Amino acid sequence: PALPDFAALARRGRPLWSFSYTSLEQGLRGQRPPEDAAERTESAYAAGPGDAEGPAGGARLGTLVHALLEAVPLESLRGRSLEAWREDPATVPLLAPFRREDRETVAAWAHAALAGSLPLPGGGAAVVAEAPRVLRELDFLTPYPGGPDLLNGSIDLLFQWEGKAYLADWKTNRLPGYGPEPLAAKVKDLYELQLKAYTVTARRFLGLDSREAWDAGFGGFLYVFLRGLPGAGVWSARPSWDDVVSWEKELAALPTGTLIPVAAGGARHA
């Protein structure tokens, strides 16, 4: 007797798959999925030397810095200098996970990011600690555009300023410079897909379902490269409604099936 088409059955009955922007990026570039990324880079912070730009890089440093920026009480920063905030007894334990020689620099990053002025696309500046609404480390799980699967991630910062919502993402990268050109090159090289996926997700979360609502409610996206603060290190853009619609279609058109193992019902690579 003729055998069933087991591959077709597997594809039709496969479980839902959850994609992060990182797994999409690495999978589409033909790299190994990053399941073990944390394990492979766990010692990077402790092992590497620092330099004039501050602590050594690595995933562990990024994790610690993100945890700090999430945990700092915003009211503790308002109207206080870096020195006064850093010496506050409530701040000391927040800096304890960092090496002693790095704490002063990391504290300066956190103060500049949360209590300093961050330039906004189109002009003006925002101070996160003064924002009326702030969400930090906002985990999300949302339907993948145009398909049955899921998109997951964590938005570092979503805040409201002068009636509009802004996204921000913290970066600890060491770059050759922190002016407009190096930042634009880095975003294009590494973070374009994240920008698209997170903006599409924010649109859904905020319920901005029309051009008018988008124009009135969304202010822009900021990549904040902490080593460039203050005075530099901020890349910003305000995607248009047409951009967001186009990005949703672009995400839907990605060959996500090829990133799912064939045994789990994924498509075979060409």
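I started from Tyr166, which counts as buried at 8% relative accessibility (buried is under 20% relative accessible area, exposed over 50%, partly exposed in between, with a 1.4 Å probe and protein chains only). I noted that this is a predicted model, in which local features need pLDDT of at least 70 and side-chain atom pairs count only at pLDDT 80 or more, while totals for chains, interfaces and linings use all residues. I also noted that residues are numbered from 1 along each chain as its sequence is written, and that side-chain values use heavy atoms, with hydrogens and water left out.

I found 8 aromatic pairs in the structure (ring centres of Phe, Tyr and Trp, the last by its six-membered ring, within 6.5 Å; planes under 30 degrees apart are stacked, over 60 edge-to-face, the rest tilted). Phe159 and Tyr166 make a stacked pair, with 5.5 Å between centres and 20 degrees between planes. Phe159 is buried too, at 2% relative accessible area. I then looked up Trp214 and Phe218, another stacked pair, at 4.3 Å centre to centre and 15 degrees between the planes. Both Trp214 and Phe218 are buried.

I recorded one aromatic cluster formed by Tyr191, Phe221, Tyr223 and Trp235. Over the face of Tyr191 lies Lys171, 3.8 Å from the ring centre (the criterion is NZ of Lys or CZ of Arg within 6 Å of the ring centre and within 35 degrees of the ring normal).

I checked helix α9 (residues 180-206) against helix α11 (residues 241-253): their axes come within 9 Å and cross at roughly 110 degrees. Axes are lines fitted to C-alpha atoms, for helices over the stretch in contact, and angles run from 0 to 180 degrees between N-to-C directions. On the α9 side the contact includes Leu193, Val200 and Arg203, and on the α11 side Trp241, Trp247 and Glu250 are among the residues (contact means heavy atoms within 4.5 Å). I read the contact residues as 8 nonpolar, 1 polar and 5 charged.

I placed Val128 in the loop between β3 (125-126) and β4 (133-143). Val128 has 0% relative accessibility and counts as buried. Which residues does Val128 contact, leaving aside its neighbours within four places in sequence? I listed Leu74, Ala113, Leu114, Leu118, Val134 and Leu157. Val128 and Leu77 are 51 residues apart in sequence and 10.0 Å apart in space, C-alpha to C-alpha.

How values were computed:
Helix = DSSP H or I, 4+ residues; strand = E, 2+ residues; numbered from the N terminus. Nonpolar A, V, L, I, M, F, W, Y, C, P; charged D, E, K, R; others polar.
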